[in-house]
Amino acid sequence: MTEEQLPGGASAPLWEREEEIAAVTEALDLLCADRSTAGNLLVLRGEAGLGKTALLAETRRIAERRGCTVWSTRGVETLRSVPFHVVRQLLQPALVSLLPEEAREYLGDWYDIAGPALGITDPGDRQADPQGVCDGLVAAVRRLAKRDWPLVLLVDDAHWADQETLAWLAAFVERLDDLSVLVLVARRPGEASGDSARYLDAVATAAGRPVRTISALTPDATAGLTRATLGEHADAPFCREVWAVTGGNPYETVELLAKVQDSEVEPVESRAGELRALNRSARGGGLVTRLEGLGVDATRFAWAAAILGTGISVGLVAQLASMALDDAGRCAELLRNARILTEPDPAGSRSHAGDLEFVHPLIATAVYHSIPPAICTAMHGIAAQIVIDDGRGIAEASRHLLKVHPDDDEELVEQLRDAAKEHLAVGAPDAARRCLERALLEPPLPEVHAHVLYELGCATLLTKPAVTIGHLRSALGMTGLAGPERVDAVFRLSQALIHNDQLEEAVRTVEAEAARHEDGPPKLRLQAVQFMWEGIAGEAVSPRRSERLADLAATCTGRDNSERALLMLRGFDLLIQGESAEEVVELCDRALVNGRLAPGLGWTDTEWGIELLLMLANSYVYTDRLDRAESLYNEALRAYESSGWSGGHLALAHAYVGLGHRRRGRLRDAEISLRESLRIAERVGRRLPLYWTATCNLIDTLLARGHVQQAWETAEQYGFAPPYPSTIVMPDPRSVRGRLLLAVGRTKEAVNELEAAEKAAAARGHFNPVVVPWALDLARALANEDPARAARLASDARRQAERFGTDTAIGEALRCAAALETGQRQVRLASQAVAYLEASPCQYEHAAARVEYGIAARSVAELNRGLGLARSCGADGLVAQAREVLDTGRGLR
């Protein structure tokens with residue numbers, strides 16, 4: 001058995017923890033053996049006082065004896081509302097050793113994203129993406145960990161860690177395969193709820209092994225501990241009573257034995273009856289009574305220390321307890337002697353950790369909950385000012401401000417609003433929400449109230465759209481919001497309604513607000529937003545939309561962003577209707593400034609949102625202007641990566657980069673981008689439009705590659721089946737699923753799906769055969785069963801493709817027509833398809849047309865050309881088809 005130095009100078013073995021220590025030792029052996037060894041995660045779970053902290057301390061000692069670097073941190077019950085507090089503690093040993101320029105070098109592109117959350121650089125002016133900050137922290141720790149191998153990370157009392165740290169921890173431990181680091185997490189069961197509990201469950205799952213649940217000591221172990229502390233003369237009945245009184249809880253046992261020593265109780269059966277009273281004095285109410293016995297000043301000092309929670313220095317406690325520094329020093333000594341406070345362990349100390357800490361979290365909790373409510377509230381108010389004066393900032397002080405009793409305090413409202421801005425800037429929207437919700441309780445002045453609600457709506461937009469709707473509706477129903485801020489509030493309300501799948505309500509909300517305004521820029525912006533949401537919802541929600549949009553866009557020259565937005569919307573509207581591609585491109589080009597997005601219309605600008613810019617880029621991609629589309633898609637990807645936007649925006653950027661590759665015929669690259677998009681989309685949440693976009697495009701790409709089984713498995717895995725989203729997804733998911741069903745031989749189901757796609761497209765006014773390609777696949781599906789209808793469908797699709805006018809649209813329509821014919825008519829149509837698709841930038845379609853023409857014309861040369869194109873595209877199915885015909889060689893010339 002190993003020994004641990006316990007508080008108060010006593011020592012006791014780590015009784016009955018041999019299995020846990022053996023697991024730690026084995027993990028350390030693996031860590032130290034080879035720098036390339038995969039990382040390891042151990043999770044310890046146990047009730048309060050069972051020795052989790054002692055095991056982590058023993059881990060530190062073993063690891064440091066082997067030359068490991070050890071970083072440690074601990075959750076604190078009263079600090080759960082402080083975002084990133086626990087991960088900052090963890091990384092402080094590494095960060096304080098780096099000069100600012102070294103930190104920037106180590107963290108690289110993540111410095112500006114993760115730096116504010118870690119407190120090593122000031123936050124920016126805009127709201128940070130929480131997922132991006134989380135990913136930045138993961139990257140930061142990974143880079144620092146590689147520098148300090150072999151590295152051990154200890155996280156104690158994880159159940160009390162702030163939610164932002166737990167999100168990071170859950171993400172970090174999922175990526176230990178290629179990082180040689182040992183992570184040890186200790187927690188109590190049942191202490192966390194909501195997202196925190198979900199993150200802790202994810203950590204336990206990532207461990208890949210059963211969580212080690214720590215048990216209470218057996219009677220024999222308790223007897224051994226008792227005799228090791230009090231002497232071998234402690235008799236069996238006395239030892240048995242120690243176990244009965246403490247339940248084998250190691251912390252309570254050690255504290256009880258210390259009280260026995262202090263009281264000079266003989267460890268014999270005749271004195272065993274005194275143990276229960278002594279145990280009560282060592283915990284809970286008894287501890288509070290013992291504290292009060294030290295005097296009023298010592299009690300007030302302990303209260304102040306519990307209020308601060310961390311960074312407990314005699315000077316700060318003296319200020320908070322309103323006592324002289326000398327008196328505070330004497331109180332600190334009294335509390336140390338009483339085993340309530342202690343000096344931090346030098347081995348695990350961190351900069352700014354303070355002079356003191358509580359001997360055990362149970363003591364800190366008991367002391368904090370013993371503070372009379374009115375005094376506790378008042379002390380939190382004083383503590384907030386002390387923290388600010390100490391230079392720690394309004395965000396750190398906000399946890400104290402949250403506890404202050406509401407009292408119509410205008411200054412407090414402004415402080416909480418300022419704290420919320422800082423929390424948003426570092427990627428902690430939940431912390432911002434708590435501050436703004438508390439500000440509403442004050443309450444704010446009438447002229448400020450609507451602004452606080454507006455800010456609260458903005459804070460919850462990314463995480464709780466349903467809650468956002470209520471806040472923003474309330475704000476708009478009050479006086480106070482006017483001008484651009486009111487217009488922006490309406491826009492954000494409509495965004496929240498869209499995210500909450502309330503499309504029609506979003507349209508009506510913007511429409512009603514636009515009707516309140518006179519002609520001018522604010523009204524024009526609202527009208528553009530209305531048309532944007534109507535474009536997503538379709539004609540069924542807004543009859544005559546296209547006609548109204550055409551009339552308004554006809555007055556626009558592109559002189560401001562509202563006019564540019566209307567030009568983009570009109571171009572996209574013509575695209576989905578299948579009107580002239582040249583007109584679509586001309587409108588989109590007019591919406592740019594020197595071929596680039598105008599200031600204020602960038603991918604990370606929040607005034608308009610991502611939907612408008614995707615409409616612009618997609619208008620280019622489906623009109624065969626792939627260079628312009630790819631430039632916009634890649635610009636979006638760079639913008640989101642450099643800004644640390646790692647949520648839905650980044651998922652969409654990867655999806656549309658993948659779409660660009662797919663249209664270009666770079667099918668391998670498309671699959672890589674789309675799988676990355678789907679990975680990110682999984683974190684954001686299923687059944688969202690972005691999830692459909694990633695899944696639909698991936699299945700379309702796999703079908704183009706000829707990987708039919710993979711496509712089917714992907715559809716099954718990710719739920720690519722009805723019901724479909726009410727928003728536009730490109731390409732059309734019904735058409736893609738119909739093609740998938742055809743590929744796996746489920747023709748009747750495919751026909752039903754494609755006919756449903758036809759009806760849905762007609763209801764929305766979507767007639768472009770490139771964007772909604774149901775007709776071409778349905779014609780092929782009906783070729784044998786109903787050739788006359790198949791011919792009509794192919795003829796109509798060709799007519800629509802010629803109206804649209806792109807080489808790809810016409811070439812694809814000709815490919816379909818050729819597939820329905822035989823003999824020389826088939827050869828002639830296939831030859832025409834090749835001619836159009838050779839001029840198209842879509843190389844997969846060109847390869848398919850070459851192979852089909854080679855087969856129809858029995859031409860070895862054309863088949864070989866098609867084979868070469870198919871290989872360069874990664875179209876394995878086409879390669880196999882061409883190879884089979886060439887290998888057979890029958891009738892070829």
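Cores and cysteines

Student: Which residues does Leu566 touch, not counting residues up to four places away in sequence?
Tutor: This is a predicted model, where local features need pLDDT of at least 70, side-chain atom pairs count only at pLDDT 80 or more, and totals for chains, interfaces and linings use all residues. Residues are numbered from 1 along each chain as its sequence is written, and side-chain values use heavy atoms, leaving out hydrogens and water. Contact means heavy atoms within 4.5 Å. On that basis, Leu566 touches Leu524, Ala528, Phe531, Leu549, Leu552, Ala553 and Cys556.

Student: How many residues are in the largest nonpolar core?
Tutor: A nonpolar core is a set of buried Ala, Val, Leu, Ile, Met, Phe, Trp, Tyr and Cys residues joined through side-chain atoms within 4.5 Å. Buried means under 20% relative accessible area, exposed over 50%, and partly exposed in between (1.4 Å probe, protein chains only). Leu566 is among the residues with the most contacts inside the largest core, which has 166 residues.

Student: How many residues are in the other core, which includes Leu95?
Tutor: This core lies apart from the largest one. Val133, Phe172 and Ala428 are also among its members, and its size is 54 residues.

Student: How many disulfides does a search of the whole structure find?
Tutor: A disulfide is a pair of cysteine sulfur atoms within 2.5 Å. The search finds 0.
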